[in-house]
Each structure stands twice: as C-alpha cells, then as structure tokens.
Amino acid sequence: DIKCPIPQRYEALKPHKLFLLCSHTHRTKEMFFFILPSELGDLYKTTLKYTEETVHGISVQYFDTVPPTNSLCVLKNGFLFAASEFGNHGLYKFKGIGDDDEKAARTFSTMPPDTLVYFNPRKLRNLILTDEIYSASLISQIKIEDLLGNGEPQIYALCGRAERSALRVFRHGLSVSEWANSPMPGKPLGVWTLKKNLSDQYDSY
C-alpha cells in the first residue's frame, strides 16, 4: 500500500482525522489529477506517479478553499460546479491548476505517514467564482405570515449554518430575467399598469 499524509490547517492545533467528502477527476489530453474536498471546504489536488497500471507515488497539494460541498463536477469547458452542503451552490472557472504555486502546502508518499504539513486558508487563487445557484439548505426554522400586508402570505426561513446563515423570504410569483430588449413594432393593442402592493394607492409599473 502507498500512503500519503494530507496537509492540515494551522487552526487545527492538534492533528486530527480529516474527512474527505467526495472526489472528482479532472482530465486533459496530457494529464489528469483528482480533486478532493474536505469537511472544511479545503480542496486538495492529488496526482499519481505511475507507469502503465502501476502507481509508484502520490502527491497531495492544497488547491483552494470553497464552502463545504457534498459533490463536485468538473466540466469539459473548464468549469467546476460545487454542490454546497449549506447555502448557495457555486460555479467556478479554472484560473490555473496549481502547477505554478510554489508556496502551496504539499505532501508526498515518500514522507512518513505521521508527517504534519500545515497551511492557512486563502482567497481563491486557482478558481474564480462565476455564478451561484440559490439554495435554502439547511432550513432550521420556518414561519408563514403575511407581514407585507398584500393579501398573500410569505415564507420566512432561517437557512444555512454559521457564516453562511441567512434569512430568506419566499413569495408567490415567477422571477424575470431580461435577455433581450427591442422596441415594440407598430402600435400596442393593450397597455396595463400594475401596483407593487395591493395596498398602494398608485400603480408602479
């Protein structure tokens, strides 16, 4: 068996067992490596030294830190989707693969298994957050009340955990995203105005 120690955070004053939640393989035409997220959200780049089907060595490098995730998916167009355990899910773009990061904490299978290598979490270096998908996980408390007084009850939910906690308000309706804007041809056949709230005296739209 080939064993390799895993870098740990400095804040963990005493060495402890680190839980790796999942894994995903990033492949290119010339190489491949594994991305392993820990329970704390730290991503580890794991590479293998091998000839044909025989593995001779393992290297583990601190890659980046994202919110704790349940699953990872690396897309062929250079994006990484992280399904967060709590809070919004994130879509990241690869800025690099860590080969030029000489200061990153690294461990090798040639080291004794009890070797301790520490690092401090940092801002994203190899990834760029490009988009988020809103998520209400984990809901710890929920209330349904019409606090706005518009005749339709709203759902108030306490979501997330720790620094990713949030109070979210859900209302009936559909969100609108504008993808294109063009002048209306000819004359409109019907024009309506709408109130923002039922209790408003005047229309807003």
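I count a salt bridge when a side-chain nitrogen of Lys or Arg sits within 4 Å of a carboxyl oxygen of Asp or Glu. The model is a predicted one, and side-chain atom pairs count only at pLDDT 80 or more.

**Salt bridges**

I looked up the total and got five salt bridges. One of them joins Arg9 and Asp42, whose closest N and O atoms are 2.8 Å apart. Arg9 belongs to strand 1 (residues 8-9) and Asp42 to strand 4 (residues 42-51), so this pair ties together parts 33 residues apart in sequence. Are these two residues buried or exposed? I find both Arg9 and Asp42 buried.

Next I took Asp64, which pairs with Arg122 at 3.8 Å between the closest N and O atoms. Asp64 is in strand 5 (residues 54-65), while Arg122 is in the loop between strand 10 (118-119) and strand 11 (127-133). That links distant parts of the chain, 58 residues apart. I checked accessibility for each partner. Asp64 has a relative accessible area of 0% and is buried. Arg122 has 25% and is partly exposed, because that value falls between the 20% and 50% cut-offs.

Then I looked at Arg125, which forms a salt bridge with Asp101, the closest N and O atoms being 3.5 Å apart. Arg125 lies in the loop between strand 10 and strand 11, and Asp101 in the loop between strand 8 (89-94) and strand 9 (106-108), so parts 24 residues apart in sequence are tied together. Arg125 is partly exposed at 38% relative accessible area. Asp101 is buried at 3%.

Which residues make up a network of salt bridges? I noted Asp64, Asp101, Arg122 and Arg125 as linked in one.

**Nonpolar cores**

I moved on to the largest nonpolar core, which has 13 residues. Ile35, Leu43, Leu72, Leu80, Tyr92, Phe94 and Leu127 touch the most other members. Strand 3 (32-37), strand 6 (69-74), strand 7 (79-84) and strand 8 each give two or more residues to this core.

Beyond its neighbours within four places in sequence, Leu72 is in contact with Cys22, His24, Ile35, Pro37, Leu43, Leu80, Phe81 and Ala82. I also found a second, separate core of 10 residues, with Cys4, Leu18, Tyr44 and Tyr62 among them.

**Cavity**

How many cavities of 30 Å³ or more does the structure hold? I find one. The largest cavity has a volume of about 30 Å³. Its lining consists of Pro7, Gln8, Arg9, His16, Leu18, Leu40, Asp42 and Tyr44. I sorted the lining into four nonpolar, two polar and two charged residues.

The largest pocket holds about 490 Å³ of space. It is lined by 15 residues, and Asn150, Arg171, His172, Gly173 and Lys196 are the closest to its centre. I logged its lining as five nonpolar, six polar and four charged.

The second largest pocket has a volume of about 210 Å³. I listed its lining as Glu39, Leu40, Val66, Pro67, Pro68, Phe86, Arg161, Ala162, Glu163 and Arg164. That lining divides into six nonpolar, no polar and four charged residues.

Terms used
Residues are numbered from 1 along each chain as its sequence is written. This is a predicted model: local features need pLDDT of at least 70, side-chain atom pairs count only at pLDDT 80 or more; totals for chains, interfaces and linings use all residues. Side-chain values use heavy atoms; hydrogens and water are left out. Helices (H or I, at least four residues) and strands (E, at least two) are DSSP runs, numbered from the N terminus. Buried means under 20% relative accessible area, exposed over 50%, partly exposed in between (1.4 Å probe, protein chains only). A nonpolar core is a set of buried Ala, Val, Leu, Ile, Met, Phe, Trp, Tyr and Cys residues joined through side-chain atoms within 4.5 Å. Contact means heavy atoms within 4.5 Å. On a 1 Å grid over the protein atoms alone, a cavity is a set of points where a 1.4 Å probe fits but cannot get out, and a pocket is an open set with protein on both sides within 12 Å along at least five of seven lines; lining residues have an atom within 4 Å of a point. Grid points are joined across faces, edges and corners, and a volume is the space filled by probe spheres set on the points. Ala, Val, Leu, Ile, Met, Phe, Trp, Tyr, Cys and Pro count as nonpolar, Asp, Glu, Lys and Arg as charged, and the others, Gly among them, as polar.
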